[in-house]
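Have the coordinates open as you read.

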Amino acid sequence: MANNTSKFVLEFEKPVVELEEKVKEMKEYALSSGVDMAEDIERLEEKTADLRKQVYSNLTRWQKVQLARHPQRPYTLDYISEITDYFEELHGDRYYSDDKALITGLAKIDKYSVVILGQQKGRDTKSNILRNFGMSNPEGYRKALRVMQLAAKFGKPIITLIDTPGAYPGLGAEERGQAEAIAKNLFEMSRLPVPIICVIIGEGASGGALGIGVGDRILMMENAWYSVISPEGCAAILWRDSAKAPEAAESMKVTAPDLVDLEIVDEVIKEPQGGAHNDLQSAAKAVKKSIIKHLQELEKIPSDKLIAQRLEKFDKMGAWEE
Amino acid sequence: MDWFKRKRSVIAPQDRKDVPDGLWIKCNGCGEIIYKKELEKKLYVCSNCNTHLRIGSDVYISFLFDEGTFKEFAKEVKSADPLNFKDVKSYKDKYAATVKKTGFNDAVVCGTGKIEKQNVVMAVMDFRFMGGSMGSVVGEKIARAIDVAYKKGWPMIILSASGGARMHEGVLSLMQLAKTSSRLARLATKNIPYISVLTNPTTGGTTASYAMLGDVNIAEPDALIGFAGPRVIKQTIGQDLPPGFQRSEFVRDHGFLDMIVHRHELKQRIANILDFFKHKNPVAKA
């Protein structure tokens, strides 16, 4: 997946990649010609490292949105295969169908048996059609609720991995009650008597994300975004021009540090330099470490207190004067 | 080519000045021009085509509550512009202008009162305030209203008229969906009835939270009710939408509304439902 030979390069990464390629060329030349270029190569490598640091530590909000959508970014199943020792997928909402855009299952993480669920995007046309680009229908939310209630029945903590460009805006989705499915999840998740940890791993677009996003801890990857609408959607409505998405991303404050400032997100999970796709193993390791830390804190809290605290957590969200 | 020229005198349009502003209202269903005082008496339902014209929270409160019983609370809660949001105008300026224009501090009015002598807590949204959009203030006021119902043990009613969450408060608006829904979950633990009334329009985050969570969901006829907007869906699927799509009758027939109620009957039908829940069956003696 994070295969460097076919790396997808974002516009702002180009200068870095150009330097990286030059270093590679020089190394190849030195090797084939036998000329000693060690000093020059070292100097260029240092320069590359400096530039990399400069680019990636000063990302704009819109650049982070692009990283969150990077075609090589790890998705839910990538994290599941890295962080769990056991995973058995559970299919279907028991009413209508199995939504492939949202996967659920039984898992073991370290010493914890948990239920894990999240939206799943595809990597190519075929898998994107199967996964509906990570846009769930009502069945996905209903499957999620079924499996979360199963977790509650057997006292298992719930981990949700959020990565969606939105709930699917389709004809059938409306006919089968997209709004009701999401509303029901918000209602029920607020009173499940087991710990719930939500991790925004990529895109967190609106109600489609929140539909599996009510929990005791809200964690967010460094380059993920989360807001009430996508920057393009916001720009199309307010400026009547979706090309103004970078401005909308700035105005809406959609990044992980923004959400910490707004007291929505409890913790930012650091990503490897340049984004999680550059090093899945270390990105997953950071996710796992954070999940376990919070599970250890939450497992000590009795369930009635857990629910009361969750209610209070969401009750404090917002900003008003009187 | 003189004969192609229009003879202006023959088809001159009616002088609009004949209809003084505010005295007459045009029905947006059938186009009929109706005398405003007559329309007021009919609660803004067109007697020609039965279209339920959009009305504000003040009108709903005036005909739903027993006279003089409605007492508003949390009136002074106002937006704090948490993001310092800039669109074409700044959110702060837009908000201040809307407060001035409407006389409201945000898109919902909350209070207690009596409906056919029964105590209730009610939140009435108002579409005139930034399209009835839900931001921190709407979420906070509705959460407080639900808490009043919880403490007093009175039924809760929320009347929705809203395009969805307010973009100008970003993720904080989104969180109001969770905040209000979780308060309703708490209310349900006491078995206190919650009635949701959906009016035209109820879409987006409002539908995906409290509007769909009623013990009984009631809609006015022909209201637009849905999650995604019709334009977005049309663009996504690349085809025309079926007639009546996302209208009350369609949403009821797909299983998400308990009933569609004519505005003239709304008060009585709500009162009957409240009475039903309150009613105690005779206990058989052992």
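This is a predicted model: local features need pLDDT of at least 70, side-chain atom pairs count only at pLDDT 80 or more; totals for chains, interfaces and linings use all residues.

Residues are numbered from 1 along each chain as its sequence is written, chains are lettered from A and ligands numbered from 1 in the order in which they are written, and side-chain values use heavy atoms, with hydrogens and water left out.

Q: Why is A:Ala101 called buried?
A: Buried means under 20% relative accessible area, exposed over 50%, and partly exposed in between (1.4 Å probe, protein chains only). A:Ala101 has a relative accessible area of 1%, so the label is buried.

Q: Where does A:Ala101 lie, and what does A:Ala101 touch?
A: A:Ala101 is in the loop between β1 (86–90) and β2 (102–109) of chain A; helices (H or I, at least four residues) and strands (E, at least two) are DSSP runs, numbered from the N terminus. Leaving aside residues up to four places away in sequence, A:Ala101 touches A:Gly118, A:Gln119, A:Gln120, A:Arg131, A:Asn132, A:Gly134, A:Met135 and A:Ser136, where contact means heavy atoms within 4.5 Å.

Q: What span is expected for α2 (residues 38–56) of chain A, and what does the helix reach?
A: The expected span is 1.5 Å times one less than the number of residues. With 19 residues, α2(A) reaches 27 Å from its first C-alpha to its last, close to the 27 Å expected.

Q: Which residues of α2(A) are buried, and what puts them on the same side?
A: The buried ones are A:Ile41, A:Leu44, A:Thr48, A:Val55 and A:Tyr56. They cover an arc of only 90 degrees around the axis, so they sit on the same side of α2(A); the arc is that of the directions from the helix axis to the C-beta atoms. Among what covers them is α1 (14–33) of chain A. On the other side, the exposed residues are A:Glu39, A:Arg43, A:Lys47, A:Asp50, A:Lys53 and A:Gln54.

Q: How do you know that the buried residues of α14(A) line one face?
A: The buried residues of α14(A) are A:Leu306, A:Arg310, A:Leu311, A:Lys313 and A:Phe314. Seen down the axis, they fall within an arc of 160 degrees, so they line one face of the helix. Their cover includes α13 (280–298) of chain A and α5 of chain B.

Q: What makes a space a cavity and not a pocket?
A: On a 1 Å grid over the protein atoms alone, a cavity is a set of points where a 1.4 Å probe fits but cannot get out; a pocket is an open set with protein on both sides within 12 Å along at least five of seven lines, and lining residues have an atom within 4 Å of a point. Two cavities of 30 Å³ or more turn up in the whole structure.

Q: What volume does the largest cavity have, and which residues lie nearest its centre?
A: The volume is about 120 Å³, meaning the space filled by probe spheres set on the points, with grid points joined across faces, edges and corners. Of 17 lining residues, A:Glu174, A:Gly177, B:Ile225, B:Gly226 and B:Val251 lie nearest the centre.

Q: What is the volume of the largest pocket, and which residues are closest to its centre?
A: The largest pocket has a volume of about 1600 Å³. Its lining has 47 residues, with A:Ile229, A:Gly233, A:Ile237, B:Gly229 and B:Val232 closest to the centre.
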